[in-house]
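Keep the structure open while reading.

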Amino acid sequence: MTGPLSPNSWQYRGLNAANPGLDHLSNGLIDLVKAGHNVVAGSADLQYSNGLNRFATVYPDRYIPFGISEQNMVSVAAGIATCGVTPFVATFASFIALLACEQIRMDVAYSAQPVRLIGHHTGISLGFYGTSHHATEDIATMRSIADLSVVSPADGAQLEAAIRASAEHDRPIYFRIGRGRDPVVYDRDATFAFGRAHEHLQGEELTIVACGMAVHGALEAARALNAEGRSVGVIDMASIKPIDRDAILSAAARARRMMTVEEHNVLGGLGAAVAEVLTDEGAGVKLKRHGIHDEFSLIAPPTHLYAHYRLDGAGIRSVAREFLMS
Amino acid sequence: MALTTDTASAPKSNSFAPSEETVAMLKERARFIRLETIRLIEIAKTGHYTSVFSAAEIFSALYYDVMRLRRGEPGWSSRDRFTIGKGHAAVGLFPIYADLGFFPKEWLDGYTRLGSPLGDHPDMRKVPGVDFSSGSIGHALSNGLGMVLAQRWTGEDYKVFCMMGDGEMQEGQVWEAALCAARHGARNLIAIVDRNGYQLDGRVDDVMNIEPLDEKWRAFGWEVHTVDGHDVAATTELLRRVRADDDRQGPCCIIARTVKGKGVSYMETEPGWHLGYLDPSDAEAAIAEINAREA
């Protein structure tokens, strides 16, 4: 090989440069350390996928390489937390929330340790890597574990806000995050509070409740439908647990239809959580749960999958339109 | 003395040998642990006698001699820590914690009863003195390793002892932690394998052979020692020595050769006693045998 590589060529360790969206996790953690919090981070051989290599460069003494050992990583983090140090440990959502689920239940949640679990590349964002790398069950497994908060930010800025908010939260948290290429919803001043939804739009006919990457598409869909004369609202339910019951119930009082959108199985995820609130309160609205309908995803590039499963703006709009006409 | 060591750097002096008085005291505390275990299991009507009996001398040496602890201060931040993978032996630890003033002795009388903090497995949220909860086999070494790694960011200085069962060696997470501890030079981590030879389904070597165990730990980068876990003098001396060794650069594993059910003859030969219950009439004879053996 002679001469420079084509600008189109790339290699794994160059992901950060190619994808600045990965910076948000490290940025949030660096800010916590700068603010005086005794925070450390670890990853199971994926520091270039989750961008923690930036944190490791800034604070090499605060980064723990775990190798490919997710269960050990979670249990070690719990041991660290008993000593007053706050660990953030990260790996693909499919591995942390399924492979290490039992360690999360016993060592983190039941033991009430303020461990921060980062499940990145969640949903079907790993596209053609296939089912082993997809996580369409993680909301269901994590939110059914007692005392474990579940957070699904819409974009990097909201992730940073959630990390900042975590400093005042002494309980364990599961952060469900994307692959760092989520379309931007918030500016740098994004806010986050546990148990508080962010209402973007109010609608008289339909309210779309979304989380994660689906928020952007939900907003796109609502704006398009509203331009057609419909009245569609959008709520970002980044705090899946604790969930914002009041936001759900006031939206239900306003519009007779509600639709949830998530990059997750419709069983056990955001849609189920919203359904539980509506049923508990006898809210009497029609609910459409949209997401992956109890199947293993096909493989394809992520944007192709989002289009196929109607999780992008156009897809959400078409599902919502059908629902409005049903 | 059934003590072997394979590291040139370990101190060779005999200054770690406990006095006769200390050995006598530790033997007496081991007997106390066995007798209290029988008393508490009488309340529950089911329990793991033999898992405690194989570890009684080790528990005694750790809590009454080797570990740096303060009576009545289970939350002291500089204390030595203890994590246990074979959490079903907690019934033998609770009497120690009460004895050390970590919680009122009256708690023992309600062992396993509705609302009691004391169950078959130890719960750090409910029981002062429990450094980490247990019940899921294979987690404890990772938990202990986390406590050692945390020293980098807290500046605290202590040792973490982690007891595991020999059947526990079949859990993959143990070996993830073993690799990780060596990688991070966890010199303050001391693992103890209670090599009592039995697991629920039978002899460990038959169910899923784990030998050569010493070579496995050594191959994972650990300093390895073997000791007769019922020889109080040898066990205490070894634990004191590895605790004091400031030259060791990585973690240390002690393989304690023990007898499951040690102290009650018929339990020593019948693996079914992993879980069981002694009617008071049978308990009386078991107590008599324990008292006679260690008199």
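Asn291(B) is partly exposed in this predicted model. Its relative accessible area is 28%. That value is not under 20%, so Asn291(B) does not count as buried. Asn291(B) sits in helix α13 of chain B, which covers residues 280-293.

What does Asn291(B) touch beyond its neighbours within four places in sequence? The contacts are Arg31(B) and Leu35(B). Glu28(B) also deserves a look. Glu28(B) and Asn291(B) lie 263 residues apart in sequence, yet their C-alpha atoms are 9.5 Å apart in space.

**Helix pairs in chain B**

Helix α1 of chain B spans residues 20-44. Two packed helices are described by the angle between their axes and the distance between the axes. The table gives both values for two pairs.

| Helix pair | Angle | Axis distance |
|---|---|---|
| α1(B, 20-44) and α3(B, 56-66) | roughly 120° | within 8 Å |
| α6(B, 140-149) and α8(B, 172-183) | about 25° | 8 Å |

Take α1(B) and α3(B), which cross at roughly 120°. That angle makes α1(B) oblique to α3(B). The crossing is right-handed. On the α1(B) side, the contact uses Thr22(B), Met25(B), Leu26(B), Arg29(B), Ala30(B), Phe32(B), Ile33(B) and Arg34(B). On the α3(B) side, the partners are Ala56(B), Glu57(B), Phe59(B), Ser60(B), Ala61(B), Tyr64(B) and Asp65(B). Sorted by class, the residues of this contact are nine nonpolar, two polar and four charged.

Now take α6(B) and α8(B), with an angle of about 25° between them. The angle is under 35 degrees, so α6(B) counts as roughly parallel to α8(B). Here α6(B) passes α8(B) in a left-handed crossing. Helix α6(B) contributes Leu141(B), Ser142(B) and Leu145(B) to the contact. Helix α8(B) supplies Gln173(B), Val174(B), Ala177(B), Ala178(B), Cys180(B) and Ala181(B). This contact has seven nonpolar residues, two polar ones and no charged ones.

**The sheet in chain A**

In chain A, five strands form an open sheet in the order β7-β9-β8-β11-β12. The pairing is mixed. Which strands stand at the edges? They are β7 (198-201) and β12 of chain A. Each has a single partner strand, so one side of each is left without a neighbour in the sheet. From one strand to the next, the twist averages 20°.

Helix α10 of chain A, residues 214-227, packs on this sheet. It touches β7, β8, β9 (232-236) and β11 of chain A. The direction of α10(A) makes about 165° with that of β9(A).

Is strand β11(A) mostly covered or mostly open? It is mostly covered: nine of its nine residues, 257-265, are buried. Strand β8(A), residues 206-210, runs parallel to β11(A), and five bridges join the two. Within this pairing, Ile208(A) stands opposite Met259(A) of β11(A). Strand β12(A), residues 286-292, also pairs with β11(A) in the parallel sense, over six bridges. Met258(A) has Leu287(A) of β12(A) as its bridge partner. For Asn265(A), the bridge partner in β12(A) is Ile292(A).

How values were computed. Residues are numbered from 1 along each chain as its sequence is written. Chains are lettered from A and ligands numbered from 1 in the order in which they are written. This is a predicted model: local features need pLDDT of at least 70, side-chain atom pairs count only at pLDDT 80 or more; totals for chains, interfaces and linings use all residues. Side-chain values use heavy atoms; hydrogens and water are left out. Axes are lines fitted to C-alpha atoms, for helices over the stretch in contact, and angles run from 0 to 180 degrees between N-to-C directions. Helices (H or I, at least four residues) and strands (E, at least two) are DSSP runs, numbered from the N terminus. Angles under 35 degrees count as roughly parallel, over 145 as roughly antiparallel, 65 to 115 as roughly perpendicular and the rest as oblique. A crossing is left-handed if the near helix is turned anticlockwise from the far one by less than a right angle, and right-handed if clockwise. Contact means heavy atoms within 4.5 Å. Ala, Val, Leu, Ile, Met, Phe, Trp, Tyr, Cys and Pro count as nonpolar, Asp, Glu, Lys and Arg as charged, and the others, Gly among them, as polar. Buried means under 20% relative accessible area, exposed over 50%, partly exposed in between (1.4 Å probe, protein chains only). Two strands pair if DSSP finds at least two bridges between them.
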